[in-house]
Amino acid sequence: TASGGGFVTPAYIPGFVDLRQRQLTVLDLITRIQTTSDTITYVREDTFTNAAAFTAEATATTGTSGTKPEGTLAYSRQTAPVKTAAWWVPVTNRLLADAPAIRGIIDSRLLLGLDLALETQIIEGDGTGENFTGIVNTANVLTQVTTAGSEINDIFNMMLKVEVSGKLMANGVVIHPNQWKTLRLARENAATGTLGSYLMGPPNAIGTPTIWGIPVVKALGITAGRVIVGDFSPLGINLFDREEAAVRMGWINDQFVRNMQTLLAELRAALVVWRPSAFCVLTGMA
């Protein structure tokens, strides 16, 4: 009349149910380069005034006859300092000894946190203090204001701006999932109330999302309503690693006598947007 009581053991499922974090997608677009310095310095061409022209032979020894046109070239030195990202958690010696798997779990979460912060900085760092100057806050990036109902056309216009003004070919579209929904669910004849086919293809279409032939990268790290179209190759942007993300262990304050330790994750890196006109930023998409 009774259950087996203590004879019935619970089924233990190994591992743990984590708090899901956003996927890291933008980092996959950018080439990373090692550096041995704490500052990236480079020379940028700021002015190229092409005055080349066919010129008639001089007919006089004075005045402007036969004078060749003068052009303009101007350069400036640019710097991108290496910035540090870090965070830490305390852990007891007993926990590390009695649950060995916890060290790997903590290390992986610490490293993930660094990558999440790094991706956010690449997109939207404001350049103040220890923040990167991210793509959207880089001076002279191209801009586009959305037009309700013509969002797909807006993306094409952004690609065109990169090609015409930046003299580069866009190879990626970074977009928040909410804005990708706006594009993906666009239908024919939306204004008439008689909806036709999906403009981006049928719902059963498979493969990497693209728009106008360019891969679409859905990123929760970008502010909703904002879209970036650009050349994410080394012609447009690079991330310089001074110290790759790593976890170190040590003591702070009186942790030694409390049988505790600190796990610290840290990285040092610099971001360089070589050509601001390699990117076009759209705001205000619903």
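Reply: A quick note first: residues are numbered from 1 along each chain as written. The model is predicted, so local features need pLDDT of at least 70, side-chain pairs 80 or more, while totals for chains, interfaces and linings use all residues, and side-chain values use heavy atoms, without hydrogens or water.

Now zoom in. The largest pocket (open grid points, 1 Å apart, where a 1.4 Å probe fits, with protein on both sides within 12 Å along at least five of seven lines) has a volume (the space filled by probe spheres) of about 450 Å³. Its lining is made of 15 residues (each with an atom within 4 Å of a point). Which of them lie nearest the centre? Those are R44, E45, W274, R275 and S277. Sort the lining of the largest pocket by class and you get five nonpolar, five polar and five charged residues (Asp, Glu, Lys and Arg are charged; Ala, Val, Leu, Ile, Met, Phe, Trp, Tyr, Cys and Pro nonpolar; the others, Gly among them, polar).

Next, slide over to the second largest pocket, which holds about 350 Å³ of space. Here 18 residues form the lining, and Y42, T79, A80, T133 and L271 lie nearest the centre. By class, the lining of this second largest pocket has ten nonpolar, six polar and two charged residues. Where does that lining come from? At least two residues each are supplied by strand 2 (39–49), strand 3 (72–81) and strand 11 (260–273) (strands are DSSP E runs of at least two residues, helices H or I runs of at least four).

Let's stay with strand 11. The side chain of R268 forms a salt bridge with that of E243, at 3.1 Å from N to O. E243 sits in strand 10 (residues 237–250) and R268 in strand 11, so this pair ties together parts that are 25 residues apart in sequence. E243 is partly exposed, with 30% relative accessibility.

Between strand 10 and strand 11 there's a loop, and N253 is in it. Check its backbone: phi is about 55°, a positive value, although N253 isn't a glycine. N253 is exposed, with a relative accessible area of 79%. Then look at D254, whose side chain meets that of R258 in a salt bridge at 2.9 Å, N to O. D254 is partly exposed at 37%, whereas R258, at 53%, counts as exposed. Salt bridges also link up elsewhere: D18, R20 and R109 are joined into one network by bridges that share partners.

Key
A salt bridge is a side-chain nitrogen of Lys or Arg within 4 Å of a carboxyl oxygen of Asp or Glu. Buried means under 20% relative accessible area, exposed over 50%, partly exposed in between (1.4 Å probe, protein chains only).
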